[in-house]
Amino acid sequence: MPRTTENSRPEGVITRGTTGINRLRRSDRWLTHSPLVRRVLTDAPDPLVVDLGYGARPDTTLELARRLRTVRPDLRVTGLEIDPARVVPATENVTFTRGGFELAGLKPNLVRAFNVLRQYPETAVPDAWSRILSGLQPGGLLVDGTCDELGRRCAWVLLDRAGPISLTLAWDPFTVDTPSDIAERLPKALIHRNVEGEPIHALLQAADRAWSTAAPFAPFGPRVRWRSALKQLRNNGIPATLPRRRLRDNVLTVPWDLVRPNA
């Protein structure tokens with residue numbers, strides 16, 4: 001297995017290392033049901049998933065492996081950390097090694113980078129994306145996301161080698177009052193763009209209006225209310241994905257072109 005050596009230092013800077021059990025459960029659930037992600041994993045002859053910047057403990061990497069193995073039981077998973085003190089022995093058939101944006105020389109089919117780019121300036125995001133994407137297998141995917149400490153508010157961008165594909169917001173139905181509350185956890189590429197005139201601001205405002213209009217469904221619970229709000233967004237011309245199954249989370253997925261920052 002390729003590894004970063006002393007002569008090839010990992011690319012990037014050490015993160016704070018904040019992590020927690022089940023913190024990334026919402027994105028994990030989304031990944032296991034995403035048709036595109038499932039196709040990439042099931043079509044690959046020897047699928048490899050890399051969890052980039054897993055933090056001070058490997059809990060979320062192990063959880064990712066368990067969940068994605070419901071899609072492809074034989075997939076390999078490697079956790080990467082720049083800080084050598086955070087590299088732990090292999091466990092549950094998951095390996096850990098030192099690495100950064102260069103992916104330690106690995107060629108994965110899927111990379112998850114959560115709460116990694118949050119500490120970088122917005123101007124650094126395109127280069128970081130490009131560096132990671134250049135290391136993927138053909139047809140591979142990158143998930144760049146951010147969440148709060150308990151994983152109740154999450155947002156992530158799905159990318160392939162051509163660039164961003166979609167933005168997803170996911171939150172705990174019972175602890176978030178309005179969709180725009182997720183703004184504080186937008187990925188670095190968007191978090192500074194939540195201002196008047198930017199597409200992401202317009203989307204959040206539209207989601208709040210749809211949520212407000214769906215208030216008559218509140219007695220049936222926030223999940224039912226959000227499904228009604230999603231249908232309103234679709235009826236108003238916003239190409240939000242309508243889930244085919246019942247969800248534990250409130251989720252809003254839209255094409256990246258809908259929220260692409262202004263030049």
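Analyst: The structure holds 1 cavity of 30 Å³ or more. A cavity is a set of points on a 1 Å grid over the protein atoms alone where a 1.4 Å probe fits but cannot get out; a pocket is an open set with protein on both sides within 12 Å along at least five of seven lines, and lining residues have an atom within 4 Å of a point. This is a predicted model, where local features need pLDDT of at least 70 and side-chain atom pairs count only at pLDDT 80 or more, while totals for chains, interfaces and linings use all residues. Residues are numbered from 1 along each chain as its sequence is written, and side-chain values use heavy atoms, with hydrogens and water left out.

User: What volume does the largest cavity have, and which residues are closest to its centre?

Analyst: Here's the idea: rolling a probe the size of a water molecule over the atoms shows where empty space is left. The largest cavity comes out at about 90 Å³ (a volume is the space filled by probe spheres set on the points, joined across faces, edges and corners). Val13, Thr15, Gly53, Ile82 and Val116 are the closest to its centre, out of 15 lining residues.

User: And where is the centre of the largest pocket?

Analyst: Look around Trp30, His33, Ser34, Pro35 and Thr241, which lie nearest its centre among 23 lining residues. This pocket has about 600 Å³ of space. α1 (25-33) gives the largest share of the lining, 4 residues. (Helices are DSSP runs of H or I, at least four residues, and strands are runs of E, at least two, numbered from the N terminus.)

User: Which residues of α6 and α7 make the contact?

Analyst: Contact means heavy atoms within 4.5 Å. On the α6 side they include Ala206, Ala210 and Trp211, and on the α7 side they include Trp226, Ala229 and Leu233.
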